Amino acid sequence: MTVNFLLVLIYIAGAVGIALVITRVVRTRGGPGGPVHDRYEVAFLNGGPARVVDTALAALQADGRIAIGGPGIVAVVRPTAYDPVERAVLQEHAAAPHGALHHLRLGVMRHPAVQEIGDGLAARGLIVDPATRRTTARWCGALVITAFALFPLSIVLTVIDFSTDTGFRLPFVFKVAPVLFAALITGIVCGSVSARQVTPAGRRAVFAYGRAHGRPADAGHLVALHGLRAVPDPVLREQLVAAARFHAPPRRNQRGRRHSPSHFSSSDAAAFGVAAEWCATNSSCGGGGSCSGGGASCSSGSCSSGSSCSSGSSCSGGSSCSSSSSSCSSSSSSSCSSSSSSG
């Protein structure tokens, strides 16, 4: 009687767990969807904040507003910006007089103007914010671990069941195997699906944009759609590839040991950890960063940069990421925009 009760209990728990995980994955990857608004949203969907920055740099270099030469030094020729991301590039360059491309690139990746792009895409259901993906992954992991743990337990219960009753019947482990196997497969599949940042609606939006701009003429659209390999200028392509590798994470060799790329130090590792993550909401930045994979983030709970504009005047307020503020990026970028345009 006790074994039969446990059997019913396991089936109920398994069915509830499977239903909850599937429902969460479906809900978190849904959303209104719709088309992308500009090339920066396409760049974010294709390659995160790094692709957004590379798109702006390529556009600025293409019409001569900046010059990028060896060894990775950026010079502003004409301080003119046509959108918030380009203003962020000029602002970050003004804040870093040495003009190193890899530092400039990293700073713009963390800039509120770039984070706003991720926020907007997440609000429309084209990508899933990191905090949601992390929580869903925990749910899937818990389902997988529970299913694994119940297999040996069911074997023990099978032995106990046979020791108390000598009559022939189907072993308990065979009775619970279907629901445990179903839970295991559900957890693995849902975990794999939830790990993807771009939703099906986001992939459709990128495909539609690429079809509408099948043969883009300007460098910005080429980078947004196809990445650094599509940069028309070979010198710029070489410099951007080198800057992208500068803060690359350590790679493992065949023996499992980590090889650090050139110029990769402990401070660079911390910088890479900040640059490679995207805070989908400002409230998640306020507590020190509940951030994960594929974008920019706030550094130590505050919006990076945004403190000075390209004209040299300071941005008003809005630099700290707090849960009480609706958008630190909007206040900072808007003030930067006004000061930049006035300069």
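Tutor: Before anything else, a residue is called buried when its relative accessible area is under 20%, exposed when it is over 50%, and partly exposed in between, using a 1.4 Å probe and protein chains only. By that rule cysteine 190, with a relative accessible area of 9%, is buried, and of the 343 residues of the chain, 47% count as buried. What you see is a predicted model in which local features need pLDDT of at least 70 and side-chain atom pairs count only at pLDDT 80 or more, while totals for chains, interfaces and linings use all residues. Residues are numbered from 1 along each chain as its sequence is written, and side-chain values use heavy atoms, with hydrogens and water left out.

Student: What is the mean pLDDT of the chain?

Tutor: The pLDDT is the predictor's confidence in each residue, from 0 to 100. Here the mean pLDDT of the chain is 75, and 70% of the residues reach 70 or more. Over residues 258-276 the pLDDT is below 50, although this stretch has 40 contacts in the model beyond near neighbours in sequence, a contact being heavy atoms within 4.5 Å. Residues 279-343 also have pLDDT below 50, with 138 contacts in the model beyond near neighbours in sequence. Where pLDDT is low, the predicted coordinates should not be read in detail.

Student: How many helices and strands does the chain have?

Tutor: Helices (H or I, at least four residues) and strands (E, at least two) are DSSP runs, numbered from the N terminus. The chain has 13 helices and 6 strands. Among its elements, helix H7 (residues 172-194) has the highest mean pLDDT, 93, whereas helix H12 (residues 282-286) has the lowest, 34.

Student: How many Å should helix H6 span?

Tutor: The expected span of a helix is 1.5 Å times one less than its number of residues. Helix H6 (residues 130-164) has 35 residues and should span 51 Å, which agrees with its end C-alpha atoms, 51 Å apart. At the start of H6, a side-chain oxygen of aspartate 129 comes within 3.2 Å of the backbone nitrogen of alanine 131. Several residues of H6 are buried, among them Thr132, Thr136, Cys140 and Leu143.

Student: With which residues is threonine 28 in contact?

Tutor: Threonine 28 lies in helix H1 (residues 2-28), and, leaving aside neighbours within four places in sequence, threonine 28 is in contact with Val128, Thr132 and Thr136. Threonine 28 and aspartate 129 are 101 residues apart in sequence, yet their C-alpha atoms are 9.1 Å apart in space. Now consider polar contacts, which are pairs of N or O atoms within 3.5 Å; within protein, one must be able to donate a hydrogen and the other to accept it, and residues adjacent in sequence count only if both atoms are side-chain atoms. A polar atom of the threonine 28 side chain lies 2.8 Å from the backbone oxygen of arginine 24, and this side chain also reaches the backbone oxygen of valine 25 at 3.2 Å.

Student: Which residues have the most contacts inside the largest nonpolar core?

Tutor: In soluble globular proteins, nonpolar side chains tend to be buried together. A nonpolar core is a set of buried Ala, Val, Leu, Ile, Met, Phe, Trp, Tyr and Cys residues joined through side-chain atoms within 4.5 Å. The largest one here has 43 residues, and those with the most contacts inside it are Leu45, Val52 and Leu57. Helix H2 gives the most to this core, with 12 residues. Leucine 57 is in contact with Ile66, Val89, Leu101, Leu104 and Leu240, leaving aside neighbours within four places in sequence. A second, separate core of 10 residues includes Val25, Cys140, Ala183 and Cys190.

Student: Is threonine 186 buried or exposed?

Tutor: Threonine 186, found in helix H7, is buried, because its relative accessible area is 13%. Not counting residues up to four places away in sequence, threonine 186 touches Ile18, Ile22 and Leu143. For contrast, glycine 210 in helix H8 is partly exposed, with a relative accessible area of 23%.
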